[in-house]
Amino acid sequence: MNMLECRNISKSFPIKRGYLQEEAGSLKALDGVSLSIGKGEVFGLVGESGCGKTTLGKVVLGILPPDGGTVELAAKRTQVVFQDPFNSLDPRMRVSDILAEGLALQGASGGAIRKKLDDITDLIRLPKSALTKYPHQFSGGERQRIAIGRAVLTDPEFIVCDEPVSSLDVTIQLQILRLLKDVRERFGMTYLFISHDLRVIRFMCDRVAVMRGGRIVEEGPAARVYSNPSDPYTRQLLSSILEVRPKT
Amino acid sequence: MTGDKILQIRDLRVSFDTPSGIADAVDGVSFDVRRGESFGIVGQSGSGKTLTALSILKLITPPGRIVSGSAVFNGEDLMAADEDSLRRTRGAGISMVFQEPATAFNPVFTVGYQVAEAVRAHQAVDGRKAKDIALEFLKRVHIAEALKVYHDYPHQLSGGTKQRAMIAMALVNSPELLILDEPTTALDVTIQAQILDLLEEIRKEARLSILFISHDFGVISRMCDRVAVMHKGRIVETGATKDVLSSPEEDYTLELLESVRALG
Amino acid sequence: MRDFLRNKMAVSGLAFITLILIFAAFAPAIAPYSPSEIDTDNILSAPSKYHIFGTDTLGRDLFSRIVYGSRISLSIGFIAVGIAVITGVVFGAVAGYYGGRIDSFMMRFVDMMLCFPTFFLILAVIAILEPSIFNIMAVIGATGWMGVARLVRAEILSLKEREYVMASRVMGAGGLWIIIKHLIPNAVAPVLVSATLGVGGAILVESALSFLGIGVQPPTPSWGNILMDGKSTLGVAWWHTVFPGVFIMLTVLAYNLLGEGLRDVLEPRLKR
């Protein structure tokens with residue numbers, strides 16, 4: 001049984017114009033998207049801005065209801081890691097409270113929470129002293145680690161990562177991606193990994209779907225899609241990756 | 001590529017006055033841009049690369065300030081120049097293209113009006129002629145339907161078109177040096193490729209010297225003949241791009257390259 | 001915190017408010033006389049070493065009356081604003097978070113309430129009910145919550161799209177949890193600023209009401225009714241109007257400076 005089954009998802013947003021905010025048409029963000037993700041897979045969703053990948057992520061997570069289609073998620077607990085490390089942590093909460101929020105919502109006891117917090121700081125490689133601090137006292141990469149810690153603590157079966165490294169420096173990107181891989185190896189959860197960065201997707205994912213204009217234009221094992229793309233748009237995307245190689 | 005130096009930066013220092021003390025954002029930076037070459041500055045966020053670029057045209061605002069250093073352009077030190085001669089240089093001798101096309105344009109004026117305004121700021125021509133020149137450059141940057149775009153407002157255009165328009169605006173007065181600060185970072189990857197192609201084409205045609213700032217080693221390796229690596233306000237390594245990429249001398253450069261290459 | 005201390009205006013505002021708070025808290029210890037002690041030998045005497053602010057038409061020591069009056073003015077200020085803030089926060093949070101029809105309905109109600117000219121509404125209400133201290137507090141609060149509601153709603157509209165709110169929803173948090181744990185703490189800053197400025201405003205309203213005779217009733221001293229008493233002595237006893245007037249002015253000014261100082265400290269931090 002698959003972790004995620006999406007059938008024919010569609011979603012439109014109304015475009016409001018003018019002072020009185022009248023509806024002037026609608027934007028079709030998702031146009032009949034279907035995909036399935038197997039248990040334990042790292043599935044990559046790649047595309048440029050406006051292709052609908054973030055919208056699909058939100059629909060899968062259940063925070064955005066689709067206009068049509070069905071989403072079947074076999075996970076009892078899902079989690080998310082967002083792009084913006086500045087806005088994904090509540091600036092008024094201490095790190096310990098941020099990390100523990102999921103557990104508190106599940107009704108865990110104070111003692112159990114404390115034990116888990118201890119373990120998680122080791123996993124995300126932050127000192128115990130970080131627990132009493134506030135988000136603004138940390139760098140972007142550290143905040144992202146806190147976000148990952150928060151995601152892992154509730155023992156989710158499925159995690160959606162929406163551009164988790166796009167706002168980070170390249171050396172930090174690698175650390176965070178390695179952490180995500182590490183976490184997955186240890187706990188075996190399934191990932192839906194959303195990014196516009198083809199190289200990041202190639203590094204992380206087993207299977208890949210390329211999105212454009214609200215549709216999936218190509219899908220398949222990462223190795224195959226990258227070496228032998230069948231869709232012209234995929235080919236165009238791949239050709240624009242700039243390798244770090246001196247120009248001849 | 002030998003040839004005389006169009007820009008010489010010596011010991012540039014820029015500081016920021018913050019509540020917790022003075023931060024040295026640019027800490028003694030020196031480099032040269034040779035006439036006709038494309039010189040890149042690569043670094044991560046906080047390395048000081050953008051501030052370096054902004055200080056050449058003295059575009060630093062408080063709480064930042066240029067502490068010391070010289071920026072000699074065509075024999076004249078811009079740091080010592082008065083406001084009038086600086087204004088004559090900005091947009092004409094040296095032009096700049098910024099990262100965020102959305103904020104570079106004033107949303108209440110049409111794109112064409114703003115490009116023409118750049119013409120009028122430096123050339124003694126009438127409105128009609130300025131419009132013609134503006135249109136010519138909009139076409140030169142391969143904007144389809146240039147006349148329509150001329151009359152459009154910034155929000156009506158896509159990111160790629162806006163960036164092309166910004167490049168056009170930077171070129172209308174035939175600058176000798178073009179400074180580009182992360183010009184493609186905010187753009188989609190397919191558009192990025194197109195813009196870089198455009199820049200290469202323009203560079204050959206107009207025999208432009210280019211100073212290219214980016215965090216992206218891939219872009220730098222494609223666009224630049226020589227490169228300087230910046231880290232925490234200092235230049236760590238300088239050299240021909242192919243040399244720096246194949247045999248970096250400094251540990252930091254190596255670390256940077258390894259991270260980039262590890263992603264494949 | 002350090003930024004705040006650097007703002008000299010705000011700090012002086014805070015200092016003055018602390019002084020008035022001390023007056024109010026320790027009035028019996030500070031005031032040399034009882035505020036109702038009548039001394040018919042010293043009617044309307046100018047400031048002297050026995051009566052540093054002079055005396056009023058009944059020979060009562062003005063300084064003591066002003067010190068006791070601070071209790072009234074401050075409590076009215078705090079409680080009225082407290083009522084306004086609590087009502088406004090609840091209203092604005094619910095309207096902002098749930099949106100849709102609930103929001104439209106609630107905000108139309110707010111707009112309707114805002115149509116009433118506040119001061120005249122207060123006058124009318126006090127004229128109908130009796131001018132007790134409690135009624136005054138209630139009515140000032142009841143006419144002041146709308147501004148807070150709008151502020152809170154605006155903050156919450158922008159906050160609820162933040163990613164940490166979405167993350168909480170993914171983890172299973174419901175509306176109430178998100179409102180209480182995330183939205184209200186982050187929306188507090190502009191409310192605090194508005195509340196501080198509001199206390200100054202409430203003090204002014206009370207003074208005006210008392211000055212008109214429909215506020216705090218004698219013999220309870222309030223700065224406003226001391227002013228009212230002083231109206232008839234304008235030509236002959238400057239101290240009767242100047243001292244209460246100066247205290248009202250300085251206190252309102254102090255609250256304004258404090259509010260502006262808070263705004264400067266809290267607002268840029270919000271931009272992070």
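Predicted model: local features only at pLDDT ≥ 70, side-chain atom pairs only at ≥ 80, totals over all residues.
Colleague: Let's start with strand β8 of chain A: how many of its residues are buried?

Modeller: This strand covers residues 207-212. On one side you'll find A:R207, A:A209 and A:M211, and on the other A:V208, A:V210 and A:R212, with both faces covered. A residue counts as buried if 20 or more other C-beta atoms lie within 10 Å of its own. By that test, the number buried in β8(A) is 6 of 6.

Colleague: Okay, and which residue in β8(A) is the bridge partner of A:V46?

Modeller: Look at strand β3 of chain A, residues 42-46. It runs parallel to β8(A), and 4 bridges join the two. For A:V46, the partner in β8(A) is A:V210.

Colleague: What about β9(A): which residue there pairs with A:A209?

Modeller: Strand β9 of chain A takes in residues 215-221 and runs antiparallel to β8(A), with 6 bridges joining them. The two strands form a hairpin with 2 residues between them, and A:G213 in that turn has a positive phi of about 55 degrees. Within β9(A), the bridge partner of A:A209 is A:E219.

Colleague: Now chain B: how many residues of domain 2 are in contact with domain 1?

Modeller: Domain 1 of chain B is made of 1-93 + 177-188 + 205-264, while domain 2 is 103-174. Their C-alpha centres lie 26 Å apart. On the domain 1 side, 6 residues take part in the contact, and on the domain 2 side the count is 8.

Colleague: And on that touching side of domain 1, how many residues are nonpolar?

Modeller: There are no charged residues there, and 1 is polar. That leaves the nonpolar count, which is 5.

Terms used
Residues numbered from 1 in each chain as written. Chains lettered and ligands numbered in written order. Buried ≥ 20, exposed ≤ 12 C-beta atoms within 10 Å, placed from the backbone. Pairing = 2+ DSSP bridges. Domains from an automatic or database assignment. Contact = placed C-beta atoms within 7 Å. Nonpolar A, V, L, I, M, F, W, Y, C, P; charged D, E, K, R; others polar.
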